[in-house]
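Biologist: Hi! Could you walk me through this fold in simple words?
Modeller: Happy to, let's look at it together.

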Amino acid sequence: MRPFGQDFEFARALGLQMVERGDGRCSMAIDIEPARHFSPQGAAHGGVAYSLADTAMGGALTSVLADDQWCATLEIKFNYHVRVGEGRLTCEAEVLHRGKRVANIDARLYQGGRLVSSANGNFAIFAAPHARQA
């Protein structure tokens, strides 16, 4: 399986952490800190949960792609069910369907064992830039 690093500045800035990945699934987490992740309303900014889901969904898909393939988010329908507060937020993502050019992926986000958000997205699958030049 191809490595999936979250070693890019945006992921480091948020504090995204890989938990487990393989066979079309990916688990990631983030430790929500008020000073770092809260909106002025006293809850985690919605973009934090969305970013965690988007990254985990990409991780799930890349776990089943060939080395010469990349993916990119086409669209995500994201549902916020309850407030996300301080503490560990986890995301479980799973590829539901993978076609030649588009994959559909589900994600569920939990805090303290409680479902707090859910998402479903479509991701494009395409040849990696280095593969197109060959």
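Modeller: We'll talk about strands, then charged pairs, then rings.

Biologist: Before that, what kind of model is it, and how are residues numbered?
Modeller: This is a predicted model, in which local features need pLDDT of at least 70 and side-chain atom pairs count only at pLDDT 80 or more, while totals for chains, interfaces and linings use all residues. Residues are numbered from 1 along each chain as its sequence is written, and side-chain values use heavy atoms, with hydrogens and water left out.

Biologist: Great. Why is strand 2 described as largely enclosed?
Modeller: Strand 2 (residues 25–32) has 6 of its 8 residues buried, so the rest of the structure largely encloses it. Buried means under 20% relative accessible area, exposed means over 50%, and partly exposed is in between, using a 1.4 Å probe and protein chains only. Strands (E, at least two residues) and helices (H or I, at least four) are DSSP runs, numbered from the N terminus.

Biologist: And which way do strand 1 and strand 2 pair?
Modeller: Strand 1 (residues 17–22) pairs with strand 2 in the antiparallel sense, over 5 bridges. Two strands pair if DSSP finds at least two bridges between them. Arg-21 stands opposite Cys-26 in strand 2.

Biologist: What happens in the hairpin between those strands?
Modeller: There are 2 residues between the strands, and Asp-23 takes a positive phi near 55 degrees in this hairpin.

Biologist: How many bridges join strand 2 to strand 4?
Modeller: Strand 2 and strand 4 (residues 87–98) run antiparallel and are joined by 8 bridges. In strand 4, Arg-88 is the bridge partner of Asp-31.

Biologist: Do tell me about charges now. How many salt bridges does the structure hold?
Modeller: The structure holds 5 salt bridges. Each is a side-chain nitrogen of Lys or Arg within 4 Å of a carboxyl oxygen of Asp or Glu. Side chains of opposite charge can pair when their charged atoms come close.

Biologist: Arg-88 and Asp-31 again: how far apart are their closest N and O atoms?
Modeller: Arg-88 forms a salt bridge with Asp-31, with the closest N and O atoms 2.9 Å apart. This pair links distant parts of the chain, since Arg-88 is in strand 4 and Asp-31 in strand 2, 57 residues apart. Arg-88 counts as partly exposed at 37% relative accessibility, and Asp-31 counts as partly exposed at 31%.

Biologist: What does Glu-94 pair with?
Modeller: Glu-94 forms a salt bridge with Arg-25, and their closest N and O atoms are 3.2 Å apart. Glu-94 lies in strand 4 and Arg-25 in strand 2, so the pair ties together parts that are 69 residues apart in sequence.

Biologist: Okay, rings! How many aromatic pairs are there?
Modeller: The structure holds 2 aromatic pairs. Rings of Phe, Tyr and Trp (its six-membered ring) pair if their centres lie within 6.5 Å; planes under 30 degrees apart count as stacked, over 60 as edge-to-face and the rest as tilted. Tyr-50 and Phe-78 form a tilted pair, 5.7 Å centre to centre with 50 degrees between the planes. Tyr-50 lies in helix 3 (residues 46–62) and Phe-78 in strand 3 (residues 69–80), so the pair ties together parts that are 28 residues apart in sequence.

Biologist: Is Phe-78 buried or exposed?
Modeller: Phe-78 counts as buried, at 11% relative accessibility. The rings of Phe-78 and Tyr-80 have centres 4.5 Å apart and planes at 50 degrees, so that pair is tilted.

Biologist: Which residues do the ring pairs link into a cluster?
Modeller: The cluster links Tyr-50, Phe-78 and Tyr-80.
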